Amino acid sequence: MKKYLVIGNPINHSLSPKLHNYWIKEMGLNAIYEKKKIEENEIKFLIDSIRKNQINGINVTVPYKKKIIPFLDKLSSEAEITQSVNTIYCKDKKIIGHNTDIEGFEMAIRHLKFDIVKKKFLILGAGGVVPSIIFTLQKMGALQISISNRTKKKAEDLKKMFKNLNILEWGDLNDFDMIINATSVGLKENDSISLDFSKCGKNKVFYDVIYNPTKTNFLKKGKELGNISENGKMMFIYQALASFDIWHGIKPKIGEEIIKILD
Ligand code: ATR
């Protein structure tokens with residue numbers, strides 16, 4: 001039986017096992033997908049388990065997407081550019097790190113039927129997933145990408161990777177067509193970003209990378225102010241689908257059922 005894992009810390013909230021095991025069953029594969037909370041000093045052991053064929057693939061989540069890189073033999077170009085790995089597999093005896101958050105975010109935006117060209121984006125936060133979002137928006141032809149992070153230095157560090165990034169002060173909610181919450185605020189049900197969104201205008205898109213809970217206060221506020229709101233569920237599903245395809249060579253169809261099992 002093939003074995004797959006998602007690793008992170010914390011890991012309890014992860015719905016990846018639910019999704020992958022659903023597809024494994026649907027496709028009749030002899031495999032299992034589990035979650036494992038790990039400490040940083042366990043990374044090496046886990047990578048060695050892939051070398052020994054005891055584990056066939058790993059998904060990586062917060063806080064290890066960057067920290068895992070030194071333990072790998074090779075990165076895909078997407079992982080290299082964003083310095084972020086969420087999917088690991090073994091090919092020709094080499095341990096390869098790839099980033100499917102990019103494909104996940106791109107497919108989620110396409111699913112929204114939001115035409116990116118000539119649009120302005122404002123990203124809140126500068127954590128692990130943000131390089132993937134910036135890379136995808138640039139690739140899809142966004143007109144302007146601004147970023148505002150509570151700790152400005154972290155946003156400035158991102159500008160070293162993405163030269164055209166526009167750095168704003170925290171809370172400077174300038175002109176945008178889509179605002180993306182990529183902070184961790186909202187993971188707890190009562191969490192609220194302490195910013196005043198009331199002057200942002202309406203008919204914009206409020207997008208939250210968070211998918212659990214499904215309606216963060218950020219999304220509720222956006223909607224209340226007359227904007228479209230969308231959570232990170234489709235991004236999550238599409239990044240998982242891309243990992244599944246890498247490991248099993250199959251892309252199951254995304255139907256209503258899969259969307260429902262995550263609610
Ligand atoms: P990591 O930084 O380890 O990748 P993350 O969960 O991906 O972790 O990122 C957390 C993001 O949420 C950061 O941008 C963080 O801002 P700081 O860089 O200032 O820490 C942001 N964040 C967390 N709590 C916040 C809060 N109460 N208000 C505003 N931003 C917050």
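How do the residues of the lining of the second largest pocket divide into nonpolar, polar and charged? They divide into three nonpolar, four polar and six charged. The model is predicted. The largest pocket is the space taken by the ligand.

**Ligand surroundings**
- Around the ligand stand Gly125, Ala126, Gly127, Gly128, Asn149, Arg150, Thr151, Lys154, Trp170, Thr183, Ser184 and Val185.
- This shell is made up of three nonpolar, seven polar and two charged residues.

- A polar backbone atom of Ala126 is 2.9 Å from an oxygen atom of the ligand.
- For Gly128, a backbone N or O atom lies 2.7 Å from an oxygen atom of the ligand.
- Thr151 takes part through its side chain, where an N or O atom is 2.4 Å from an oxygen atom of the ligand.
- The ligand exposes 640 Å² when taken alone, and the protein buries 70% of that.

**Largest pocket**
- The largest pocket holds about 1,500 Å³ of space.
- Its lining has 50 residues, with Val62, Gly127, Gly128, Val129 and Ala182 nearest the centre.
- By type, the lining of the largest pocket has 21 nonpolar, 22 polar and seven charged residues.
- At least two lining residues come from each of β3 (57–60), α6 (152–161) and α8 (233–248), and α6 gives the largest share, four residues.

**Second largest pocket**
- The volume of the second largest pocket is about 260 Å³.
- It is lined by 13 residues, and Thr214, Ser229, Glu230, Asn231 and Lys233 are the closest to its centre.
- α7 (217–224), β12 (228–230) and α8 each supply at least two residues of this lining, with the largest share, three residues, from α7.

Terms used. Residues are numbered from 1 along each chain as its sequence is written. This is a predicted model: local features need pLDDT of at least 70, side-chain atom pairs count only at pLDDT 80 or more; totals for chains, interfaces and linings use all residues. Side-chain values use heavy atoms; hydrogens and water are left out. A residue is near a molecule or strand if one of its heavy atoms lies within 4 Å of it. A polar contact is a pair of N or O atoms within 3.5 Å; within protein, one must be able to donate a hydrogen and the other to accept it, and residues adjacent in sequence count only if both atoms are side-chain atoms. Accessible areas come from the Shrake-Rupley method with a 1.4 Å probe; for residues, only the protein chains shown count as cover. On a 1 Å grid over the protein atoms alone, a cavity is a set of points where a 1.4 Å probe fits but cannot get out, and a pocket is an open set with protein on both sides within 12 Å along at least five of seven lines; lining residues have an atom within 4 Å of a point. A molecule sits in a cavity or pocket if more than half of its atoms lie within 2 Å of its grid points. Ala, Val, Leu, Ile, Met, Phe, Trp, Tyr, Cys and Pro count as nonpolar, Asp, Glu, Lys and Arg as charged, and the others, Gly among them, as polar. Grid points are joined across faces, edges and corners, and a volume is the space filled by probe spheres set on the points.
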